[in-house]
Amino acid sequence: MDNILDIRGLKKTYKGGVRALDGVELSIRSGEIFALLGPNGAGKTTLIGAVCGLVRPTGGTISAFGMDATRHWKAVRGRIGLVPQELSFDIFDKVIRQVRYSRGMFGCAPDEARIEEVLKSLSLWDKRDVQIRELSGGMKRRVMIAKALAHDPDLLFLDEPTAGVDVELRRDMWRQIDALRERGVTIILTTHYIEEAEEMADRVGVINKGKLLLVDDKDTIMAKLGRTEAHFALPVALGAVPGVLSAYPLHLEEEGTCLIYRGGDGTGKGKREVAELAQLMAREGIAYVGLDIRDSTLEDIFVDLVEDKPAEVTA
């Protein structure tokens, strides 16, 4: 699969010395959905702004569609759609006029059939003659997506596309995004909702403090960094982990009444070790009155990475 976007050594330092991007290296494959995760201030929006020509980098290169994004910025920008976090339109204008205007801004010839298609795909056709100020927050965000799609971009950036919308609208947007991918649009989205990345993305990247910490397929991430956690509830508090169990990654919590295992990987090793532990504890007469087992989620891995916990990243 060819790359539609290649970013090499990208840096951005704002006045005052704030380093928003610190040597970012990233390639995006044509036709994929890529989710960029990170806390507030991690550099997500700055990265998008740099690719879209809204932010001038202080170092590095950006190549999109095989072209240098600096030298051929107009051609590159004409093939990119952007849905920013902040809603941006004339709230007193009608939906259809705003979408038409956006298409014209990119030099595209008028095409009422295409405008109708875009609006219908986002369930906005019935609202085409409504002033934007009369729409709900979720519908306004759909108008932003319609504007971004009006000129038929090959690469679409969605910066927190479902922020502030309810669960039903969020799931509806997921379906719309999947439909865009089916039409061949490459999509890069940022989100605070980890389940969005798990639901939609082919690959996931984690950025924090301007550095890209991890980029990989979801399944590969889970295999590399996934863990199993088991809580053994003890009837009597222990002062220390029994020596006979020292071969396993264990520690005590809740004043010695909970023996906790954290280990394994995404291959099932953790569950096998928990089963071995349970058998060993039974043989050694170490009683427990309850056992709770769970596998780590993508959100657990994300939290470990951004909180600088040791996640054993092996790229």
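Which residues line the second largest cavity?

## Basis of the model

This is a predicted model, in which local features need pLDDT of at least 70 and side-chain atom pairs count only at pLDDT 80 or more, while totals for chains, interfaces and linings use all residues. Residues are numbered from 1 along each chain as its sequence is written, and side-chain values use heavy atoms, with hydrogens and water left out.

## Cavities

The second largest cavity is lined by Leu-122, Ile-145, Met-173, Gln-176, Ile-177 and Leu-180, where a cavity is a set of points, on a 1 Å grid over the protein atoms alone, at which a 1.4 Å probe fits but cannot get out, and lining residues have an atom within 4 Å of a point. Helix 6 (residues 167-182) gives the most to this lining, with 4 residues; helices (H or I, at least four residues) and strands (E, at least two) are DSSP runs numbered from the N terminus. By class, the lining holds 5 nonpolar, 1 polar and no charged residues, with Ala, Val, Leu, Ile, Met, Phe, Trp, Tyr, Cys and Pro counted as nonpolar, Asp, Glu, Lys and Arg as charged, and the others, Gly among them, as polar.

The structure holds 2 cavities of 30 Å³ or more, a volume being the space filled by probe spheres set on grid points that are joined across faces, edges and corners. The largest cavity has a volume of about 40 Å³, and its lining consists of Leu-5, Ile-7, Leu-26, Leu-36, Leu-47, Ile-48, Val-51, Phe-157 and Ile-188. Strand 1 (3-13) and helix 1 (44-51) are the elements that give two or more residues to that lining, the largest share, 3 residues, coming from helix 1.

## Strand pairing

Strand 1 pairs in the antiparallel sense with strand 2 (residues 19-29) over 8 bridges, pairing being assigned if DSSP finds at least two bridges between two strands. The two strands form a hairpin with 5 residues between them, and Gly-16 in the turn has a positive phi of about 100°. Strand 1 also pairs with strand 4 (residues 59-64), in the antiparallel sense over 5 bridges, and Leu-5 has Ala-64 of strand 4 as its bridge partner.

## Helix packing

The axes of helix 5 (residues 137-149) and helix 6 come within 11 Å and cross at roughly 10°, the axes being lines fitted to C-alpha atoms, for helices over the stretch in contact, with angles running from 0 to 180 degrees between N-to-C directions. Helix 5 and helix 6 are therefore roughly parallel to each other, a term for angles under 35 degrees. Their contact (heavy atoms within 4.5 Å) includes Ile-145 of helix 5 and Met-173 and Leu-180 of helix 6.

Definitions and conventions
On a 1 Å grid over the protein atoms alone, a cavity is a set of points where a 1.4 Å probe fits but cannot get out, and a pocket is an open set with protein on both sides within 12 Å along at least five of seven lines; lining residues have an atom within 4 Å of a point. Angles under 35 degrees count as roughly parallel, over 145 as roughly antiparallel, 65 to 115 as roughly perpendicular and the rest as oblique.
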